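Please read these points with the model open beside you. They are numbered so that you can check each one in turn.

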Amino acid sequence: MPQVVRVPFTVEANYAGWRLDRYLQEKIPRLSRERVQRLIEHRLECEDGRRLKPSTRVVPGLAFVLLRDAEPEPEADLAFGVVHDDGALLVVDKPAGLPVHPTARYSANTFTSAARLRFPDRKVDPAHRLDRETSGLLACGSAPEWTKRLKRAFADGAVAKTYLALADGRPSEDRFTVDAPLALTLASTVRVRMHVWEGAGGLPSVTDFEVLERRAAADGTPVVLLACRPRTGRQHQIRAHLHHAGLPLVGDKIYGPDEGIFDRFTKHEMTDEDRARLRLPRQALHAWRLELPHPRSGERVALEAPLPADLAAFWAGCRKAA
């Protein structure tokens with residue numbers, strides 16, 4: 001019999017009220033609606049023992065697992081760096097391409113799996129999320145008590161986060177703020193995409209941006225190095241706000257030069273033209289600095305992770321603006 005992998009899901013607040021089959025189709029875009037419905041009926045286990053249906057309306061915190069036959073999963077760089085470790089607070093420098101948690105495609109090749117192997121005597125648990133393609137600082141508790149306090153600090157806005165971003169375009173000002181509510185799109189071509197939504201359902205979202213340097217890519221396209229400081233913590237917030245400001249991230253398949261690129265990427269149908277337009281194989285976003293209260297002492301801790309080699313090399317290949 002094939003080995004079975006248990007893939008856990010916990011419904012996030014911004015999916016409240018969605019049908020379960022729609023929620024899972026958002027999370028596993030390569031599967032058809034019919035395939036998702038069959039999985040719900042035959043290969044889904046709810047944490048509280050209830051029998052869920054495709055039409056079940058999900059609520060935040062609903063936890064369940066999908067059972068799937070093991071298959072080769074994509075490779076990922078598991079060699080994360082340790083920036084701070086004092087037994088309670090663990091902060092790592094996550095490489096780009098490494099998912100934080102298991103997904104439908106990733107099981108062993110995730111940060112949480114790698115952390116269990118590296119720290120077998122501790123319960124390392126991330127207190128927040130980074131997109132798979134985003135590199136940089138990831139704060140974790142080394143035991144449930146410390147993780148709970150860290151998560152509360154993030155939820156209460158007690159953590160200051162600064163990202164570095166390489167974006168296409170020429171901002172008119174060196175400092176600017178994007179204050180634009182965000183909500184999940186209902187578009188079928190891109191299944192996990194935030195968009196600016198001024199009406200009911202849009203969540204308040206604010207990001208401060210600072211231009212650190214302006215350069216030009218080899219083809220003459222203006223590129224800017226930005227410090228990004230989100231005041232709120234929405235999914236894809238920095239990426240969506242940069243897109244809204246006309247400054248898409250270099251390498252961003254969802255919010256970049258062509259919305260269809262992500263659809264072709266999921267189908268393994270990206271073209272040479274797509275790659276040339278993206279210019280980087282991943283989105284140029286890096287979690288650079290964190291300032292947070294220590295979960296044990298409450299004292300402020302400030303940490304930094306330098307721009308990784310791939311983004312630094314791209315930036316070095318850009319000429320300085322005249």
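1. His236 sits in the loop between strand S13 (222-230) and helix H5 (237-244). Here helices (H or I, at least four residues) and strands (E, at least two) are DSSP runs, numbered from the N terminus. The phi of His236 is near 60°, a positive value in a residue other than glycine. Most residues other than glycine have a negative phi. His236 is buried, with a relative accessible area of 11%. The word buried means under 20% relative accessible area, exposed means over 50%, and partly exposed is in between (1.4 Å probe, protein chains only).

2. A word on the source. This is a predicted model, in which local features need pLDDT of at least 70 and side-chain atom pairs count only at pLDDT 80 or more, while totals for chains, interfaces and linings use all residues. Residues are numbered from 1 along each chain as its sequence is written, and side-chain values use heavy atoms, with hydrogens and water left out.

3. Arg279 also has a positive phi, near 70°, and is a residue other than glycine. Its place is in the loop between helix H7 (272-278) and S14. Arg279 counts as partly exposed, at 22% relative accessibility.

4. Helix H4 takes in residues 144-155, 12 residues in number. From its first C-alpha to its last, H4 reaches 16 Å, close to the 16 Å expected at 1.5 Å a residue. The expected span is 1.5 Å times one less than the number of residues in the helix. Just after H4, Gly157 takes a positive phi of about 75°.

5. Which residues of H4 are buried? They are Trp146, Thr147, Leu150, Ala153 and Phe154. These residues cover an arc of only 120° around the axis, so they are on the same side of H4. The arc is that of the directions from the helix axis to the C-beta atoms. The face turned away from the buried side of H4 carries the exposed residues Pro144, Lys148 and Ala155.

6. What do the buried residues of H4 pack against? Their partners are strand S5 (89-94), strand S6 (125-126), strand S7 (135-141), strand S8 (160-168) and strand S14 (285-293). Contact here means heavy atoms within 4.5 Å. In helix H3 (residues 111-118), the buried residues are Phe111, Thr112, Ser113, Ala114 and Ala115. The buried residues of H3 pack against S5, S6 and S7.

7. Helix H1 (residues 20-27) is largely enclosed by the rest of the structure, because 6 of its 8 residues are buried. The buried residues of H1 are Leu20, Asp21, Tyr23, Leu24, Gln25 and Glu26. They pack against strand S1 (4-10), helix H2 (33-42), strand S2 (44-46) and strand S3 (63-69).

8. Next, the empty space. Rolling a probe the size of a water molecule over the atoms shows where such space is left. On a 1 Å grid over the protein atoms alone, a cavity is a set of points where a 1.4 Å probe fits but cannot get out, and lining residues have an atom within 4 Å of a point. Grid points are joined across faces, edges and corners, and a volume is the space filled by probe spheres set on the points. The count comes to 1 cavity of 30 Å³ or more. About 40 Å³ of space lies in the largest cavity.

9. The largest cavity is lined by His128, Leu130, Leu137, Lys161, Thr162, Tyr163, Ala287, Trp288, Arg289 and Leu290. S8 and S14 each supply at least two residues of this lining. S14 gives the largest share, 4 residues. The lining divides into 6 nonpolar, 2 polar and 2 charged residues. In this division Ala, Val, Leu, Ile, Met, Phe, Trp, Tyr, Cys and Pro count as nonpolar, Asp, Glu, Lys and Arg as charged, and the others, Gly among them, as polar.

10. Asp77 lies in the loop between S3 and strand S4 (81-85). Asp77 is partly exposed, with a relative accessible area of 42%. Not counting residues up to four places away in sequence, Asp77 touches Pro95 and Leu98.

11. Asp69 is in strand S3 and counts as partly exposed, at 33% relative accessibility. Asp69 and Val4 are 65 residues apart along the chain, and their C-alpha atoms are separated by 4.6 Å.

Notes. 1 Å grid on protein atoms, 1.4 Å probe; cavity = no way out; pocket = protein on both sides within 12 Å on 5 of 7 lines; lining within 4 Å.
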